[in-house]
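Good morning, and thank you for coming.

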Amino acid sequence: MDFGLITMTGATHQTVMLNSTYDPKKVADLRSGMQKNWPTLACPSGSGVAFWAHEWEKHGTCSESILDQHGYFQAALNLRRQVNLLQALKNAGINPDGESYSLSSIRSAIQEAVGFTPWIECNADTSRNSQLYQIYLCVDTSGKALIDCPVFPRGKCDSEIEFPSF
């Protein structure tokens, strides 16, 4: 399950993306917090640099007129401290244990914890079972507060989804 900050500006991502590359030096003081609170779960042994570069270049650049690189990553870490999705799920008895849970119970657990409806994205495991992949919550343009999502990404989950262990 990924955690990241994707800003919603009302324009499509392609129309607002700027040509700015990730510079680890600009977030050097945030690195330990990023390693602890925003690791790449796809490759836990990696340094995180390639993952954070992806996050900045695909998502952060859309906020560059408001948040520079440091501001973007600081805002994401601040939100991560405010919103503990994994704990919200665990409090509802939903654990990353390879078991299946209802999509509605996952959505309800998060909505109850944060006060906003999440978008749940799934992918398929090797047995073609629907599994939890990403949880989306929308953030205002300052990167400081959660808001109701004006739109949700495309995607489909089955009514029962697996929460893979990690």
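Which residue in E3 is the bridge partner of Ala124? The bridge partner of Ala124 is Ser130. Please bear in mind from the outset that this is a predicted model.

That bridge belongs to a larger pairing. Strand E2 and strand E3, the latter covering residues 130-136, run antiparallel and are joined by 6 bridges. The two strands form a hairpin, with 5 residues between them. In the turn, Arg128 has a positive phi of about 70 degrees.

The protein has 6 helices and 6 strands. Read from the N terminus, the order of elements is α-α-α-α-α-β-α-β-β-β-β-β. Of the 166 residues, 37% are buried. Among contacts with a separation of 6 or more, 64% are between residues 24 or more positions apart. The accessible surface comes to about 9200 Å², and carbon and sulfur atoms account for 49% of that surface.

I turn next to the interior. In soluble globular proteins, nonpolar side chains tend to be buried together. The largest nonpolar core here has 21 residues, and those touching the most other members are Leu89, Ile106, Ile110, Ile120 and Ile161. Helix H5 (85-91), helix H6 (103-114), E2 and E3 each supply at least two residues of this core. Which element gives the largest share? That is H6, with 5 residues. Apart from this core lies another one, of 15 residues, which includes Leu30, Phe51, Ala53 and Ala76.

Ile120 is found in strand E2. Is Ile120 buried or exposed? Its relative accessible area is 2%, and therefore Ile120 counts as buried, the cut-off being under 20%. Leaving aside neighbours within four places in sequence, Ile120 is in contact with residues including Leu103, Ile106, Ile110, Leu132, Ile135, Cys157 and Ile161. The C-alpha atoms of Ile120 and Pro153 are separated by 9.1 Å, and these two residues are 33 residues apart along the chain.

Cys122 brings us to the disulfides. How many disulfides does the structure hold? It holds 2 disulfides. One is formed by Cys122 and Cys157, with the sulfur atoms 2.0 Å apart. The link of Cys122 and Cys157 is right-handed, with 105 degrees about the S-S bond. Cys122 lies in strand E2 (residues 119-124), while Cys157 lies in the loop between strand E5 (146-147) and strand E6 (160-162), so the pair ties together parts that are 35 residues apart in sequence. Cys122 is buried, at a relative accessible area of 12%, and Cys157 is buried at 12% relative accessibility.

The other disulfide joins Cys138 to Cys149, at an S to S distance of 2.1 Å. This link of Cys138 and Cys149 is right-handed, with 110 degrees about the S-S bond. Cys138 is in strand E4 (residues 138-139) and Cys149 is in the loop between E5 and E6, 11 residues apart. Cys138 counts as buried at 7% relative accessibility, and Cys149 counts as buried at 16%. With bonded cysteines counted along the chain, the pattern of the disulfides is 1-4, 2-3.

Where is Ser20 placed? Ser20 is in the loop between helix H1 (13-16) and helix H2 (31-37). At 15% relative accessibility, Ser20 counts as buried, because the cut-off is under 20%. What polar contact does the side chain of Ser20 make with Trp56? The contact is with the side chain of Trp56, at 3.3 Å. A polar contact of 3.1 Å also joins the side chains of Ser20 and Glu64. Not counting residues up to four places away in sequence, Ser20 touches Trp56, Glu57, Thr61, Glu64 and Gln69.

Thank you for your attention.

Notes
Residues are numbered from 1 along each chain as its sequence is written. This is a predicted model: local features need pLDDT of at least 70, side-chain atom pairs count only at pLDDT 80 or more; totals for chains, interfaces and linings use all residues. Side-chain values use heavy atoms; hydrogens and water are left out. A disulfide is a pair of cysteine sulfur atoms within 2.5 Å. Helices (H or I, at least four residues) and strands (E, at least two) are DSSP runs, numbered from the N terminus. Buried means under 20% relative accessible area, exposed over 50%, partly exposed in between (1.4 Å probe, protein chains only). Contact means heavy atoms within 4.5 Å. Accessible areas come from the Shrake-Rupley method with a 1.4 Å probe; for residues, only the protein chains shown count as cover. A polar contact is a pair of N or O atoms within 3.5 Å; within protein, one must be able to donate a hydrogen and the other to accept it, and residues adjacent in sequence count only if both atoms are side-chain atoms. Two strands pair if DSSP finds at least two bridges between them. A nonpolar core is a set of buried Ala, Val, Leu, Ile, Met, Phe, Trp, Tyr and Cys residues joined through side-chain atoms within 4.5 Å.
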